[in-house]
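Thanks for coming. I will go through one model this morning, starting with helix packing and ending with confidence.

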Amino acid sequence: MTQPGQATARPNVRVVLFGLMIAMMLAMLDNMIVSTALPRIVFEFGGADHFTWVVTAYVLGTTVSTPIWGKLGDLYGRKAVFLTSVVVFLVGSALCGMSGSGLLGGVDQGMIELIAFRAVQGLGAGGLMVGVMAIIGDLVPPRERGRYQGMIAGIMAIAMVAGPLVGGFITDHLSWRWAFYVNLPLGGLALLVLATTMHLPKYRTEHRIDWLGAGLLSVGITAIVLVTTWGGNQYAWLSLPILGLAALALLALVAFALVERRAVEPILPLGLFANRNFALISVIGFLLGFAMFGAMNFLPLYQQTVQGASATNSGLLLLPLMFGMLVVSLVVGRTITKTGRYRAFPIVGGVVMALGMGLLSLLDVDTSKTQSSLYMVVLGVGMGFLMQTSMLIAQNSVEQRDLGAASGAATFFRSIGGSFGISLFGAIFANRLAGSAAGDAFSGGGGEGGRMDLEQLKALPPQVRELVLGGLSNAISHVFLWAVLFTVAVPVLAWFIKEVPLRTANEAPPPDASGEEQAEAALGKAPV
């Protein structure tokens, strides 16, 4: 039987990587394509009061399932579990495309069907994200992993730009249903490539699923996502529904921690957090998601309102950010592979990212597109130092049998951080906007959720429009200023990460090995 760390799986790694990149592209592209098509969907179905649930259902499915998919991969083998997640995602995509067509039920139930099927799609997407990272961890030793994860970061950057462009084209020239159907040929190609070429090393583990832990974790995560989604928007922060959900989340997570301490094969092994590097990188991942996803959510708003860009062109205006992220991710990945050192990168990345957020806090109505592009390059460079390095450190901190759980936890904390960030920064934005000319205009614009239509904004008298845009840019820049406060904690925490040698084979030293034995095992000099 193939032993962990042997090179028998190496000859097909580039072909497998092609399939993995397609799968990653599916997960990354979907949300951005669908976001562009959502206004058309709402116009066709009505149900504007359920508008946010189309996004929330997907986020819930993804966040809840991520750690579970990771652990299932550890227990039953990553290939079968990953291919299953791709199938679930594609089935969800097909069902979303058929929503409200009369094929599945009444046409008047279109929005309800779409929300339910988006949850199914999200369940599959959770397995795509964590599966790609864990499979790379199986195929490639940590010392060489940086190069490949840099390529994955590049795919993520491309998807973030291509998503709005593809979504805009589909919305303008095809039915919105193709925002979902476009996943089917791509996913089919990924399934074909991976099913026929992917051969992963086998690891012996007990096949015992922690169903109680999985249920408690799902309840806790669902309650947290609903608190961050509804708090300050649909309900006041101190309202009974929000306080009740917060209490439910606390009770479920406390019960989850107690159950995990006794479980034979816990969904999220709490012992992982005894490792200093893993604990630190988990907090850094949370802060990275908090600042990055929370604050970046406002860049398209600034571009489309203050700078007057169309929805499609706002994707092009993000190119400088993605270019900075892509180039640095590739360089950092190759540097880590060459030198085996990584500790400096999250420190430098945190500093540069904080600088980028600080520059973006200077945005106003007079900021040129050239200036804002330069600011975004700085932010992208900081993200490039951090995105895949954090996953690499998390994976190198655990034994091979816990690779899926560690990858799932790293993805999970980044996702939860993003959910909190979007919610908190949304509240900060709304608070800053309230009482200003922009706040008055948007509250009276008659749009969904108090949003003024862009055409209405353009139709305002010049002096009024200038006041409104000034209020908007002030509120957006205030969000980036708050993001600086969270981002500066990243290099501080990264300073305490230990430079543990990257393993040159996919077999971790036993937890009780001496420091010398661990170092030898990490360098591939001694069997463990």
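At what angle do helix 14 and helix 15 pack, and how far apart are their axes? A reminder before the answer: this is a predicted model. Helix 14 covers residues 344-360, helix 15 covers residues 369-396, and the two pack at about 150° with their axes 7 Å apart. Angles over 145 degrees count as roughly antiparallel, so helix 14 is roughly antiparallel to helix 15. The crossing of helix 14 past helix 15 is left-handed.

Now the residues in that contact. On the helix 14 side they are F345, P346, V348, G349, G350, V352, M353, L355, G356, M357, L359 and L360. Helix 15 contributes Y375, M376, V378, L379, V381, G382, M383, F385, L386, T389 and I393. Sorted by class, this contact has 18 nonpolar residues, 5 polar ones and no charged ones.

The second pair is helix 3, residues 78-98, and helix 7, residues 183-197. Their axes come within 10 Å and cross at roughly 165°. By the cut-off of 145 degrees, helix 3 is therefore roughly antiparallel to helix 7. Helix 3 also passes helix 7 in a left-handed crossing.

From helix 3, the contact uses K79, F82, L83, V86, V87, F89, L90, S93 and A94. From helix 7, it uses N183, L184, G187, G188, L191, L194 and A195. The classes here are 11 nonpolar, 4 polar and 1 charged.

Next, a single residue. R118 sits in helix 4, which spans residues 110-139. Is R118 buried or exposed? Its relative accessibility is 1%, and buried means under 20%, so R118 counts as buried. What does R118 touch, leaving aside neighbours within four places in sequence? The contacts are D30, N31, V34, V54, A57, Y58, C96 and F180.

Last, confidence. The protein has a mean pLDDT of 75, with 72% of its residues at 70 or more. Two stretches deserve a mention. Over residues 443-451 the pLDDT stays under 50, and the model gives that stretch 7 contacts beyond four places in sequence. Residues 508-528 are also below 50, with 28 contacts in the model beyond near neighbours in sequence. Where pLDDT is low, predicted coordinates should not be read in detail.

That is everything I have; over to you for discussion.

How values were computed. Residues are numbered from 1 along each chain as its sequence is written. This is a predicted model: local features need pLDDT of at least 70, side-chain atom pairs count only at pLDDT 80 or more; totals for chains, interfaces and linings use all residues. Side-chain values use heavy atoms; hydrogens and water are left out. Axes are lines fitted to C-alpha atoms, for helices over the stretch in contact, and angles run from 0 to 180 degrees between N-to-C directions. Helices (H or I, at least four residues) and strands (E, at least two) are DSSP runs, numbered from the N terminus. Angles under 35 degrees count as roughly parallel, over 145 as roughly antiparallel, 65 to 115 as roughly perpendicular and the rest as oblique. A crossing is left-handed if the near helix is turned anticlockwise from the far one by less than a right angle, and right-handed if clockwise. Contact means heavy atoms within 4.5 Å. Ala, Val, Leu, Ile, Met, Phe, Trp, Tyr, Cys and Pro count as nonpolar, Asp, Glu, Lys and Arg as charged, and the others, Gly among them, as polar. pLDDT is the predictor's confidence in each residue, from 0 to 100. Buried means under 20% relative accessible area, exposed over 50%, partly exposed in between (1.4 Å probe, protein chains only).
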